[in-house]
Protein chains: 2
Amino acid sequence: MALIVQKYGGTSVGSPDRIRNVAKRIAKFRAQGHQVVVVVSAMSGETNRLIALAREIQASPDPRELDVMVSTGEQVTIALLAMALKEIGIKAKSYTGSQVRVLTDSAFTKARIVSIDEEKMRADLDSGHVVVVAGFQGVDMDGNITTLGRGGSDTTGVALAAALKADECQIYTDVDGVYTTDPRIVPKARRLKSITFEEMLEMASLGSKVLQIRSVEFAGKYKVKLRVLSSFEEEGEGTLITFEEEGKMEQPIISGIAFNRDEAKITVRGVPDKPGIAYQILGPVADANIEVDMIIQNVGAEGATDFSFTVHKNDFDKAMGILRGGQSHLEAREVLGDDRIAKVSVVGVGMRSHVGVASQMFRTLAEEGINIQMISTSEIKISVVIDEKYLELAVRVLHKAFQLDQEV
Amino acid sequence: MALIVQKYGGTSVGSPDRIRNVAKRIAKFRAQGHQVVVVVSAMSGETNRLIALAREIQASPDPRELDVMVSTGEQVTIALLAMALKEIGIKAKSYTGSQVRVLTDSAFTKARIVSIDEEKMRADLDSGHVVVVAGFQGVDMDGNITTLGRGGSDTTGVALAAALKADECQIYTDVDGVYTTDPRIVPKARRLKSITFEEMLEMASLGSKVLQIRSVEFAGKYKVKLRVLSSFEEEGEGTLITFEEEGKMEQPIISGIAFNRDEAKITVRGVPDKPGIAYQILGPVADANIEVDMIIQNVGAEGATDFSFTVHKNDFDKAMGILRGGQSHLEAREVLGDDRIAKVSVVGVGMRSHVGVASQMFRTLAEEGINIQMISTSEIKISVVIDEKYLELAVRVLHKAFQLDQEV
């Protein structure tokens, strides 16, 4: 008997029929004697419908009230799934984020989980119930409803698994696992049977979109065994996210090609090269709750330096406004922005023990005449920023260059 | 400066435009310096949409889960109204029933309010906010979401007014007040400028549908000044519900003709005429959470008695099942049921000081050949149960006989 947390996304619960299918799948796990906690998203389209309704009232809806509104999407799904389970004779009980006390900070529309009270869930599980929890939402110290931002249901799933010390957290989605890259761009992309946590982290943060990055961070931090599965296929093992590199020796150096077209680039040129300048530039951006991804600082001429970073396209105007406002204070020569960029990354733990990955990547791109604007590296990935119009081409040639289309 | 609680029903908040209109009306009260607490229902059609969705999963949805689901209807409205207020520069904050701690019992889908925590609201009002509260919903001792049943938003409004000791509770609806009877049946029906609490109680409980009975009970108990107004007319005083009979001397004996077609009649024939028999019959019905309206017991022959009562048509099958199950235990000769009945009542405090109202009512019905099946009287009303096919006819002839179409 194991304790399993399952998370079903919006497409998986997109209609009464699909909700019934999810109930049947859960029943199978119950029949095997497992305890099951289920996290669900809003039915597909519902969150967008609610946001559109809010925008009919306010072009830029008040964040606190928007969270009150959009959190109803998951609330409807938990009730429907609990009903579907009862309908086939499975004891079940639904909980909103507030009811199961998913305590978060107060950053409306992008809150972070602080703690979860697992007591109620534990009691329900012990009395044979399936516990159905609304993903994506929580409650702050003052009792205000919060949401975790898009994709937050994954995070809820992993956080619950961590709080309950679950044996496995299964993320059901409309793909059957993690691929070497997006099959829509490279038809020969292959499903990976396993991927290390670190690779997954890079893949997710770089835009592979299978799992939300925060959920992978959580999983890593609390050593939650995470598996990505298809909610539409009966069988299939999906992709397991592992925390060891064992058995990886036979695998290729590179696991996948990730990419992201949702970022924009900002460059602050000619700021004085002195201690604290990075904080002076990024502090006000962070204070505005804007997440920064890549950060690059180059040595410049005459005691000045150039500083570049990327933010989500949605935050681009806001971030530009903040920096232009502070330009004279920063003594910067100029502030440049470009929101027509894309980021492409090669990811793989094998990189650690192999040289030449970077040079092969750069050569491959150069052969196609693709100019590299920014480079950033970590232990297991190399990311480049390029003109967004070359994105698909870059992904295809890199996938081929690193032989990802060949079964190992 | 007064503290006013306003309640807007589903039609009044049925679209973004109407929500904006409600916000404008509230702004007018704020401009006059009043503090305002607003209670809203779900947008019209939304509760039915949610119930229909639930029924796609369970023909008879689980009550706890149904409450989780339908309570989202008001949750969406409070957020939208708070946004609409902020959009026109009015400070506002929304609360679900759970957040403002409308504590109820645990009778899902028909819970009763136990207490309300007014602290948060008071603090918000003092800091110049309009407080927007979800009607119809609450939370039980264990943190489960509950709903008060159809029309429960009126009750929320009055209960909040009582908790806050508000100066007036205004119920905005799609009619502009309380009428002598339903204008759809009698076009000459007139709006009453005021009506006593007791009359209103009888009018509401007898199906006039302007206000939910529980809200009027609450108002009476806590002496809340209650006014029914149209949300579509800019001016208009509506109908004030008064708690004194002063100034009523000039008014007619009868204030209105109420009716109800939602009830069904059950008769238990030939039960032993002994102490405790009423409890033996109605105890199990009450235990099943079925509300009983009229109760009549006739003396029968040979130490036996006949016992009749009415329940809501929705509860008819369930109540019949309970009584047929207990028939032998009750030693009843037979249990009869009829769900094709209607109740018609004449209501008026003037009845107390005037004789002959009952005989005039019975004569008027007899002249039209309408048979009376049950009679029940109180201080200020006389109700009869008749075949439902005569309902409209009975209402029209009684309205005329008591000269209700004539302005006083």
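Which residue just after α1(A) takes a positive phi? It is G33(A), with a phi of about 90 degrees. The model is a predicted one, in which local features need pLDDT of at least 70 and side-chain atom pairs count only at pLDDT 80 or more, while totals for chains, interfaces and linings use all residues. Residues are numbered from 1 along each chain as its sequence is written, and chains are lettered from A and ligands numbered from 1 in the order in which they are written.

With 16 residues, α1(A) reaches 22 Å from its first C-alpha to its last, close to the 22 Å expected at 1.5 Å a residue, where the expected span is 1.5 Å times one less than the number of residues. Within α1(A), the residues I19(A), V22(A), A23(A) and I26(A) are buried; a residue is called buried if 20 or more other C-beta atoms lie within 10 Å of its own, exposed if 12 or fewer, and partly exposed in between, with C-beta atoms placed from the backbone. Seen down the axis of α1(A), these buried residues fall within an arc of 100 degrees, so they line one face of the helix, the arc being that of the directions from the helix axis to the C-beta atoms. An α-helix has 3.6 residues a turn, so residues three or four places apart point the same way. On the other side of α1(A), D17(A), K28(A) and A31(A) are exposed.

What do the buried residues of α1(A) pack against? Their partners are β1 (3-8), β2 (35-40), α3 (63-87) and β6 (130-134) of chain A, together with α2 (46-57) of chain B, where two residues are in contact if their C-beta atoms, placed from the backbone, lie within 7 Å.

That last partner leads to the interface between the chains. The contact takes 28 residues from chain A and 28 residues from chain B. On the side of chain A that touches chain B, α1, α2 (46-57) and α3 of chain A each supply at least two residues, and α3(A) gives the most, with 15 residues. The residues of this side of chain A divide into 17 nonpolar, six polar and five charged (Ala, Val, Leu, Ile, Met, Phe, Trp, Tyr, Cys and Pro count as nonpolar, Asp, Glu, Lys and Arg as charged, and the others, Gly among them, as polar).

How are the two chains related? A rotation of 179 degrees with 0.1 Å of shift along its axis superposes chain A on chain B, with an RMSD of 0.1 Å, and that is the relation of a two-fold axis. The superposition is by least squares on the C-alpha atoms of residues with pLDDT of at least 70 in both copies. The same surface serves both copies, in that 100% of the contact residues of chain A recur in chain B. Of the residues of chain A, T72(A) comes closest to the rotation axis, its C-alpha lying at 2.6 Å.The largest nonpolar core has 235 residues, and among them L81(A) and L81(B) touch the most other members; such a core is a set of buried Ala, Val, Leu, Ile, Met, Phe, Trp, Tyr and Cys residues joined through C-beta atoms within 7 Å. Not counting residues up to four places away in sequence, L81(B) touches V13(B), I19(B), V22(B), A23(B), V38(B), V40(B) and V132(B).

In chain B, helix α11 (residues 357-367) has V357(B), M361(B) and L365(B) buried, and these cover an arc of only 65 degrees around the axis, which puts them on the same side of α11(B). The face turned away from that buried side carries the exposed residues S359(B), R363(B), A366(B) and E367(B).

Key
Helices (H or I, at least four residues) and strands (E, at least two) are DSSP runs, numbered from the N terminus.
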